[in-house]
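Q: Let us look at one model and ask what its labels rest on.

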Amino acid sequence: MICCQNLQKRYGRTRALDGLDLRVSPGELHGFIGPNGAGKTTAMKILATLTRPTAGLALVDGVNVCEQPQRARRLIGYMPDFFGVYDNLKAWEYLDLYAGCAGLSGAQRRARIGELLELTGLTDQREAMVDGLSRGMKQRLCLARAMLHDPKLLLLDEPASGMDPRARAQMRDILREIARMGKTVLISSHILPELSELCDAMTILERGRAVFSGSAQEMRRKLDGDSALIVRFAPGMDEETAARARERIEAACGARAQEGEGEWRVSAPGDDARDAALLGELISLGARVCEFKRQQATLETVFMEVTRDETQPDL
Ligand SMILES: Nc1ncnc2c1ncn2[C@@H]1O[C@H](COP(=O)(O)OP(=O)(O)O)[C@@H](O)[C@H]1O
Ligand SMILES: [Mg+2]
């Protein structure tokens with residue numbers, strides 16, 4: 001549904017996108033994750049036909065967004081990161097205004113607005129003034145607006161930013177429902193855990209390039225690969241036993257053990273059989289093992305690792 005190849009965008013000396021490759025399959029809920037300034041908004045604006053790339057290719061459902069912007073726009077619903085809403089309109093009037101712009105006729109409009117208010121949990125707010133709605137409600141109204149012309153693809157730029165946990169959970173439920181409707185969704189965030197549970201696949205962006213792209217399972221496998229074994233010994237172990245224990249641990253895990261605060265840590269993917277054998281060996285050596293556990297890398301540590309350097313190159 002989305003195919004970007006070697007997408008580049010320069011603003012003067014800043015490379016907002018520096019060779020972005022991005023693929024999103026039809027029906028996928030795809031997380032687009034990266035620190036602030038990574039280029040998420042720029043990529044979405046290019047896909048939404050609001051700005052042109054300096055170089056590279058961007059296709060939406062096979063349509064080149066630069067060559068056929070009008071055709072692309074019919075396929076895309078875009079929710080920008082910042083948007084204004086008109087003060088003196090009711091929620092339904094606001095949607096009606098945009099439905100008119102999208103070319104929907106009277107009867108179509110009423111039905112569509114009703115459906116979208118229902119989908120976004122705003123049916124009760126139908127007659128409420130837009131400027132009096134909570135932030136979460138405004139975001140949802142904007143999402144409804146992006147869906148008026150029934151696009152195949154939704155581009156949602158940080159739709160949950162600034163929301164409280166309850167509003168975020170509500171937004172997640174709505175996005176799941178939208179995915180069930182068969183829509184393709186590209187959703188950005190600078191917070192990885194926010195999307196890791198929700199999305200089928202994700203692309204992590206750093207300094208205008210993808211540094212990870214894959215399914216949620218692949219991400220989890222990466223997490224497992226980044227896990228560590230932690231072994232702690234009771235005080236009073238003699239040096240010779242300690243040295244032999246270290247040797248055994250390093251041989252079993254194939255990595256160097258790091259010592260700190262009375263415990264040893266070795267990076268090693270999970271392997272229950274190896275761990276069980278190693279524990280047996282350590283005890284038969286006479287090592288005073290008092291703690292032996294595996295620590296999973298958290299999503300945050302993986303994110304920090306793949307996006308290690310957040311500074312923007314000034315080229
Ligand atoms: N209109 C613009 N003019 C100049 N620089 C811009 C403009 N828009 C974005 N940038 C720069 O491009 C980089 C990527 O920005 P952006 O796409 O907004 O990242 P993100 O959405 O991931 O935070 C940043 O360094 C930003 O300052
Ligand atoms: Mg942004």
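Q: Which strands does helix α9 lie across, and at what angle does it run to β13?
A: This is a predicted model, where local features need pLDDT of at least 70, side-chain atom pairs count only at pLDDT 80 or more, and totals for chains, interfaces and linings use all residues. Residues are numbered from 1 along each chain as its sequence is written, and chains are lettered from A and ligands numbered from 1 in the order written. Helix α9 (residues 239-253) lies across β11 and β13 (263-267), at about 20° to β13. Angles run from 0 to 180 degrees between N-to-C directions, with axes fitted to C-alpha atoms, for helices over the stretch in contact.

Q: Why are β12 and β14 at the edges?
A: The open sheet of 4 strands has the order β12-β13-β11-β14, with antiparallel pairing. β12 (258-260) and β14 (289-295) each have a single partner strand, so one side of each lacks a neighbour in the sheet.

Q: What makes β11 and β14 a pair?
A: Pairing requires at least two bridges found by DSSP. β11 (residues 228-233) and β14 have 6, in the antiparallel sense. In β14, K293 is the bridge partner of I230.

Q: What makes M171, L175 and I178 of α6 buried?
A: A residue is buried if 20 or more other C-beta atoms, placed from the backbone, lie within 10 Å of its own, exposed if 12 or fewer, and partly exposed in between. M171, L175 and I178 are the buried residues of α6.

Conventions:
Helices (H or I, at least four residues) and strands (E, at least two) are DSSP runs, numbered from the N terminus. Two residues are in contact if their C-beta atoms, placed from the backbone, lie within 7 Å.
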